[in-house]
Amino acid sequence: MRYNPVLTIAGSDPSGGAGIQADIKTISALGCYATTAITAVTVQNTMGVTGIHSVPADIVVGQIRSVMYDIRPMVVKVGMLNDVATIHAVAEVLAGYCKKKTLRFLVVDPVMVSTSGSPLMQPDAVKVFCDELMPLATLLTPNVPEAEVLSGITITDKTSMDEAGDTLLATGLHAVLIKGGHLESDMTDRLYTSSGVREFATRIIDTRNTHGTGCTYSSAIASYLARGCTLEDAITKAKSYITQAIASGSRMELGHGNGPVNHFYKLQRNL
């Protein structure tokens, strides 16, 4: 039996809907083995983030090295990185594994702002993120606001989304998936690679329970890559998973703000 280990490097969400907690749930729900490196402890719930305590960079690196030495996952997902020191340290250690080909896939989700609108990456850290971590990524998964920051292009429609995608791809990235959920009346994501553009569309779900959707989606992609899927197949399957998790989560009555998605909807169908 293959256990398909995946390492997620991200912040902790005590309310359980986003960050490391969402990653562990997603990776587990999709039949993989979740390992973690926690980059920050946040004070948050479904209504917002009120505090962030960054884990010292050497401790973050220590967590990564301990997992890579022992469990040896070939797929890593990177989520919330709050400050310059952490981004520099994570990029440096991952670059070594990429060079040795110990690491096969690196999915980078540029977590800059929470669902509730709270900043999660310090402004001075963006340049270090672009210069040091982005070039290592197998896949970058920004939403529209994040793609705007990273590309410097205002996105209002598919044309401007394509311009941003091409701009990001031109930096040397292998692939960029811009998620279209922030565009009104459009839930279409667009994947940019050297082979061209591919769309991944789904229906609009009327719900406020979208806490942790970006974390969940990127972790689902990483999980399907760990299970042997091609990049496009992994995105297709992950898109289906997150869509159904959102739909099921729309019936969950948890919290007073943006509630979580239902990561274990498949399991609960069988209970």
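This passage describes salt bridges in a predicted model and the places of their partners in the chain. Local features are taken at pLDDT of at least 70 and side-chain atom pairs only at pLDDT 80 or more, whereas totals for chains, interfaces and linings use all residues. Residues are numbered from 1 along each chain as its sequence is written, and side-chain values use heavy atoms, with hydrogens and water left out.

The structure holds 8 salt bridges, a salt bridge being a side-chain nitrogen of Lys or Arg within 4 Å of a carboxyl oxygen of Asp or Glu. One of them joins the side chains of Asp23 and Lys77, at 3.0 Å from N to O. This pair links distant parts of the chain, 54 residues apart, with Asp23 in helix α1 (residues 19–29) and Lys77 in strand β4 (residues 75–78); helices (H or I, at least four residues) and strands (E, at least two) are DSSP runs numbered from the N terminus. Both Asp23 and Lys77 are buried, where buried means under 20% relative accessible area, exposed over 50%, and partly exposed in between (1.4 Å probe, protein chains only).

Asp162 forms a salt bridge with Arg190, the closest N and O atoms being 2.7 Å apart; Asp162 lies in helix α6 and Arg190 in strand β8 (residues 189–193), 28 residues apart. Both Asp162 and Arg190 are buried. Through salt bridges that share partners, Lys158, Asp162, Arg190 and Glu199 are joined into one network.
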